[in-house]
Amino acid sequence: VVYPREKIVPLTGINWLNFLDKTGKTNQFSQGIGKVFLTGPYEKLVKTDVKRLESIIIKWIKTNV
């Protein structure tokens, strides 16, 4: 609800990660652990990866709420 639906809906793949980076003031989605959103179904995550991912998601939410 923070961003217009018509801006968000068409975003997929790297474009989605770039949007998350830009709006979250980071590069951790497209260049860091957030890449798992592209590769996750094909890779096994370890607990430390989940914690790192959780950290950037929480930061993004706090930046955008």
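This is a predicted model: local features need pLDDT of at least 70, side-chain atom pairs count only at pLDDT 80 or more; totals for chains, interfaces and linings use all residues.
The structure holds 3 aromatic pairs. One of them joins Y3 and F19. Their ring centres lie 5.1 Å apart. The two planes meet at 80°, so this pair is edge-to-face, given that planes over 60 degrees apart count that way. Y3 belongs to the segment before α1 (5-8), whereas F19 sits in helix α2 (residues 13-24). The contact therefore ties together parts that are 16 residues apart in sequence.

Y3 has a relative accessibility of 24% and counts as partly exposed. F19 has a relative accessibility of 9% and counts as buried, because the buried class covers values under 20%.

F19 also pairs with W16. Here the ring centres are 5.7 Å apart. The planes stand at 20°, so the pair is stacked, since the limit for stacking is under 30 degrees. Both W16 and F19 lie in helix α2. They are 3 residues apart, which is about one turn of the helix. W16, at 29% relative accessibility, counts as partly exposed.

Taken together, ring pairs link Y3, W16 and F19 into a cluster. F19 is buried, while Y3 is partly exposed and W16 is partly exposed.

Note on methods. Residues are numbered from 1 along each chain as its sequence is written. Side-chain values use heavy atoms; hydrogens and water are left out. Rings of Phe, Tyr and Trp (its six-membered ring) pair if their centres lie within 6.5 Å; planes under 30 degrees apart count as stacked, over 60 as edge-to-face and the rest as tilted. Helices (H or I, at least four residues) and strands (E, at least two) are DSSP runs, numbered from the N terminus. Buried means under 20% relative accessible area, exposed over 50%, partly exposed in between (1.4 Å probe, protein chains only).
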